[in-house]
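Hi,

Here is the structure I promised to pass on. Have a look at it first, and then read my notes below.

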Amino acid sequence: MTPAPHPPWGWAAPGRVNLMGEHTDYNDGFVLPFAIGQRAKVAVSVRDDDLVRIHSRQTDETVETATSTSPGDVGGWAAYVAGVVWALREDGHRLPGVDLWVDSDVPIGAGLSSSAALSCSTALALDHVGEVGLDRAGVAEVARRAENDYVGAPTGVMDQLASVHGREGQALLIDTRSLEVQHQPAHFVEDGLVLLVIDTRASHSLADGDGYATRRRECERAAELLEVDALRDVTVPELARLPELADDGEVLHRRARHVVTENDRVLECAEQMRSRDWVAVADLFTTSHASMRDDFEISSDELDSACAAAESGGALGARMTGGGFGGSAIALVRREQLGTVRGCCLAAFAAEGWDEPRLFTVEPAAGAGPL
Ligand code: ADP
Ligand code: MG
């Protein structure tokens, strides 16, 4: 199976940036992402047997499995695609064998959710050939299960929801408990600002080990000790009991404090965006980054330097985005300041002898759909 010829690209699903709400999604909290222009595209053709063949232009590999695939059969990148086949079959849908081609311009492992772009675009393609009839929420749910239960990545549902519900010019305020999605305008471009992504190129999937899973377990333990369903249900003063409740209570206290304060920041950030107070939004970026660096400990030297350099160049505020342990930071920058901010980021990385960071601006773009 070769990259070309293949049928026309049929479906696409975007990556995302998250403006606020890191590691709040698996704590039943709020998140505030938007879908970006970068996306994964999928082409599909139906086979007359039950093989599933998957080709990625990025890996330049073809992986073969069957429609009856189950977790463990396929590892590596192709698991994000095979996992969607598995999740749909688990739900009782009959799928034909297929050849699937994938091409994506979402930077991989950069914290911009190339994985959800891949799994959501695959879900749309399979929904079509299997005549499944999924709605947007259904696509996100199947894609999330593929990542959680087939790939084994214990992520929350933000990335998939952002990818399916994205809209041009709009951010998404998502309540991950009710799964309610509220679109709200993100007018920063009209107001003379840009959102700069600083991809540190220190890939989180290489660096994090089981950092993400550890944080998730720590949050679950904190909730258990506080006898609540999720950290969504507690306030900062209520966390003060944690240090006495367990040997590692001091650490759990800091972890929980990040989640609870970050949750509040999501709601405040959404409100400040509605009133177009970008200085206040950017201040929240900076506070959020400190919380992730000091309390949740998911930042990295590269991410800390990226944020500090952006701010020294005149960015209004900056924070890491995504799961952490590497990946990307975002900075809110007045357009006339962009050149200086970029220069400061490049200089800071050069001074450390790190790879040059990838710098680009993003705007809210449309969500997953047919091409
Ligand atoms: P992120 O979602 O932030 O980019 P993840 O670690 O969640 O990072 O997902 C990255 C993984 O997704 C890659 O390691 C790879 O397995 C898979 N992936 C994403 N896009 C592609 C693609 N176009 N081709 C092959 N694999 C991809
Ligand atoms: Mg991902």
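A quick term before the findings: a nonpolar core is a set of buried Ala, Val, Leu, Ile, Met, Phe, Trp, Tyr and Cys residues joined through side-chain atoms within 4.5 Å, where buried means under 20% relative accessible area with a 1.4 Å probe, protein chains only. Keep in mind that this is a predicted model, so local features need pLDDT of at least 70 and side-chain atom pairs count only at pLDDT 80 or more, while totals for chains, interfaces and linings use all residues. Residues are numbered from 1 along each chain as its sequence is written, and side-chain values use heavy atoms, leaving out hydrogens and water.

The largest nonpolar core has 44 residues, and Val44, Ile54, Val84, Leu88, Val98, Leu100 and Leu126 touch the most other members. Its largest share, 8 residues, comes from helix 1 (residues 79-90); helices here are DSSP runs of H or I, at least four residues, numbered from the N terminus. There's also a second, separate core of 37 residues, with Leu252, Ala318, Met320 and Leu359 among them.

Then take a look at Phe349, which sits in helix 11 (residues 338-352). Phe349 counts as buried because its relative accessibility is 1%. Among the residues Phe349 touches are Thr200, Glu302, Trp354 and Pro357. Ala309 is 40 residues from Phe349 in sequence, yet their C-alpha atoms are 9.0 Å apart in space.

Cheers

Conventions: Chains are lettered from A and ligands numbered from 1 in the order in which they are written. Buried means under 20% relative accessible area, exposed over 50%, partly exposed in between (1.4 Å probe, protein chains only). Helices (H or I, at least four residues) and strands (E, at least two) are DSSP runs, numbered from the N terminus. Contact means heavy atoms within 4.5 Å. Lists of a residue's contacts leave out its neighbours within four places in sequence.
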